[in-house]
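Hi,

Here's the model I promised to pass on.

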Amino acid sequence: MIGFRKVALNEFMKQEPPPLNIAAKPGRYLTFKLGPESYGLPVLGVREIIRLCPITPVPKMPAYIKGVINLRGKVIPILDLRAKFQLSSEGYGERACIIVVQVGTSPTTQMLMGAIVDAVEEVVQFSAADLEPTPDFGGAPSTDYILGMATIHGGVKTLLDLDKVFLQEGLLTLITPETQKSKTQIT
Amino acid sequence: MITGLVAFPQHSAPGLALAIEIMARVGEELAFVEAGKDTGLLPINSLIMDLEEVPREGSPAEYAASLTAVRSILDQILDGSGKFTDESIQFLNDWHAGMSSILTAWERGGKTPAPTSSEPSAKVLAPTSVAPPGTAPYRSPVAQPVADEPAIRLNLAEDSELLREFHGEAQELLQNIEQGVLVLEENPGNADTINSIFRAFHTLKGGAGLLHLDTLRELAHDLESLLDAARRSELSITSEVIELILAGGDTLKQFIREFGAQLQGVNPGEPIAIPTRTLRQRVRTTVSGGRSPALPTVPTPSPAAPPTPKQPESTAPESSVNQSPLPAPASEPAAPSTPATAPAKARSESAAKTESATGFVKLDTRKLDSLVDLVGELVIAQSMVVQDPDVQQLANRHLARCLRQLSRITTDLQRTAMSLRMVPIGRTFQKMTRLVRDLAAQQQKQVQLVMEGEETELDRNIVEELSDPLVHMIRNSVDHGIEPPEVRMAHGKPALGTIRLSASHQRGGIVISIQDDGQGLDRDRILSKARERGLIKPNATLTEAETFALIFAPGFSTAEVVTDVSGRGVGMDVVQRNIEKLRGKVEIQSVAGQGTIFNIVLPLTLAIIDGMLVGVGDDRYIIPTLSVRESFRPRPGMVTTVHERGEVVSVRGRLTPLLRLGQHLGTPGRATDPTEGIIVVVESGDAARGLLVDELLGKQEVVIKSLGETFRKQDLLAGAAILGDGRVGLILDVDTLVRCERTNNPANGDLGS
């Protein structure tokens, strides 16, 4: 698999047709900034973009769970994507905002979640030719939740898998009461 | 208070009770059978094998024949495809109904034949099948091949909205019918009840007609005629008639359940075929003859001692005692009884009018939820306007009056919106009356169900989820709690067992209690079973509560523990899981020989609670006021350390363990010395704990909102609420705080930082 990806990438360098092994689908993506890096989310999953508002922290949660906010009467959890991707963290600036996304596939599991980003850029249409597979970093940064990469205007955007970023990591690996205890003892 | 009193005679034949029980289980299995699948085939086969071994002394002649018939059909299925077909399901359902009648006849000591419609099914199963010899002791002259009973096909594409409405309405109507029947049992002459059942069937008929659900419409029509006859005092409400109404209701319920499944997307568009013919036949005969041939009353000389064919049909018209315009079924078989329709229609139109006067509106719950959310937002927006510094500086008296008016209206609006979602629990309770009645009858026990607090209001979401666990627990109470009458008498208890089902507001939540005066839980047997299963260490000593909690362990069937009744043993672990999903818990108290109390403690999730807003560090938390015993600023010396680890606070001579809330939550508070802060004493059950917080910020009525799936795994918070400034406040789970093991260590008080 990895070998194939490498080959595919090399071939892509030489010739035009994109490799087949890309999870990302052509379409419209909302691009945003986390520090100097640029990311994209499929625009279909994005519900709205709101200004940074007071976030109520939830105790004993991993650092990337920033807390909860009131979205017109609904309580929705907010993820800190910088903490989540283990990027260097500094305060949020003027242009920081919250992207509210809808995750989950079936009507019963569907829910809204928010993510703090440094700045929202634009909605871009990526064609198949713009998309590239995720490069192999040798396992160091986990690339499970990356759909692929896209190059446009000379810049590179990392395209994220909505459900994987927000659900698998956000829900399933939440600390259990046991790990919670040990965590509080360490900190 | 409603009581349902049920007493059943003892059977003389040893095999009968067993046969009845086995048939009940066959019935349960049949409910899950599907065409084209083998689900349930093996259980049914083994139950039939059990049935064949039951002693048959005193059984009617048809009993053996009926068994032979079902055996041959089962063998055909097993030898053939190994899967059910529509025809074989039909046969089994018919057979089950027929066999039940035979058993009833046996029970009554009569030898009256019951229509086992094995014949037509056997025909359908042809050519592979040969009509079993000696079967079909009775073949109704109007019986037609099963294929003539048209299956209903839902037009989901076009009628889905109407069907959905009909489905909801029908469920309600069927429940009304059931309720009415229970009233009739006690007071057969109650004209109002007869009328309301009549109206319910009539409304069902109308809805079914509108949607072209012919089988359903015809069945409802026949039942309506039955009630109509009763209404006009042409037919007295006997236990047979009541059985017929209940059977009719059950059949209609099967249809409605199927509709529900298809509306949910299970096998959409599949034809629905549920046998109604035998039942309709019985209903029509009852209407025309004043009694049912399948269930002759005991005092009446049995019209047919030997199982000769045609007997009931030929006697029915002769013994006709009324002037019913309905044609005798024998003369005009399946055709709907046209002469009756016209007058019935005229009457029921006025009935329908009175019904619409009740003034209820059916509403999509999502609309309701979004209304409640929006009203909450409105309240917050309103308070933001009122508290805006610029607005407050205006000092305009007219404006101030308008703003006051605005807040009054918004508050009222909020209260009304909240109350929309609250429903009394009574409806769920009432379902249990039927359950207890049926179970008691099945097990020849005498049980009365006493209900209290039916008017207690709960969020409808909770009420809906509560039904299943309640059914399980009531079932367990009747099955394993209440002893048979003779055992009760031997222990000096009244033969009539009592199950008390009550709901009340308590401890900041709602407590639903199921209390029986049965034999109680046997601690020693629970313990020995738990040791056997390796759930506890052989030498472990457990408190009473811990012992009882063992029955919630998965796979720990109460059946095996408390009594030797095996089989159904509904896992209490399922009950507990369901209750926990509602953020509730189950508590057990039991005294051997005197009975058991199960308390389901439910929080008012989604409902409004009174909250106490406390400040800890920079954060604010809500503590449900009902869990707060007291709050005070401690004086020096009130807080003492035990073993240099645990802190206790002494309040009026009572020592209560202290928990520094900030430290516990990982956001250390400002008050390092307890005298700088406030201690809030909270209690849960019989335990209490003092929480050290920085300040009290006020009291507020808040709407509990779920934190959602993301925070499902934590038990620190019971939920969230939108505070007056529009921010989210977190509601602490007092139970966890009171029970958490962590003790404070003032020596390194900044552990959490």
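Are α13(B) and α15(B) roughly parallel or roughly antiparallel to each other? They are roughly antiparallel, where angles under 35 degrees count as roughly parallel, over 145 as roughly antiparallel, 65 to 115 as roughly perpendicular and the rest as oblique. More on that pair in a moment.

Some housekeeping first. This is a predicted model, so local features need pLDDT of at least 70 and side-chain atom pairs count only at pLDDT 80 or more, while totals for chains, interfaces and linings use all residues. Residues are numbered from 1 along each chain as its sequence is written, with chains lettered from A and ligands numbered from 1 in the order in which they are written. Helices (H or I, at least four residues) and strands (E, at least two) are DSSP runs, numbered from the N terminus.

**The helix pair in chain B**

Helix α13 covers residues 365-387 of chain B and helix α15 covers residues 397-420 of chain B. Their axes come within 9 Å and cross at roughly 160°; axes are lines fitted to C-alpha atoms, for helices over the stretch in contact, and angles run from 0 to 180 degrees between N-to-C directions. Contact here has C-beta atoms, placed from the backbone, within 7 Å. By class, 13 nonpolar and five polar residues take part, with no charged ones (Ala, Val, Leu, Ile, Met, Phe, Trp, Tyr, Cys and Pro are nonpolar, Asp, Glu, Lys and Arg charged, and the others, Gly among them, polar).

**The rest of chain B**

Chain B has 24 helices and 19 strands, and buried residues make up 39% of its 753 residues. Buried is 20 or more other C-beta atoms within 10 Å of a residue's own, exposed is 12 or fewer, and partly exposed is in between, with C-beta atoms placed from the backbone. Of the contacts between residues at least 6 apart in sequence, 70% join residues at least 24 apart.

Strand β10(B), residues 619-624, has six of its six residues buried, so it is largely enclosed by the rest of the structure. B:D619, B:Y621 and B:I623 point one way, and B:R620, B:I622 and B:P624 the other. In a regular strand the side chains alternate between the two faces of the sheet. β10(B) pairs with β19(B), residues 728-732, in the parallel sense over two bridges, and B:I622 has B:I731 as its bridge partner. Pairing takes at least two bridges found by DSSP.

**The sheet in chain A**

Chain A has an open, mixed sheet of five strands in the order β3-β6-β7-β5-β4. β3 (46-51) and β4 are at the edges with a single partner strand each, so one side of each is left without a neighbour in the sheet. β3(A) and β6(A), residues 97-103, run antiparallel and are joined by five bridges; A:R51 is partnered by A:C97, and A:E48 is opposite A:V100. Six of the seven residues of β6(A) are buried, so the strand is largely enclosed by the rest of the structure. β6(A) also pairs with β7(A), residues 111-117, in the antiparallel sense over seven bridges.

**Where the chains meet**

21 residues of chain A are in contact with 26 residues of chain B. On the chain A side, β4 (65-71), β5 (74-80), α3 (162-172) and α4 (177-186) each give two or more residues. That side divides into twelve nonpolar, six polar and three charged residues.

Cheers

Notes. Two residues are in contact if their C-beta atoms, placed from the backbone, lie within 7 Å.
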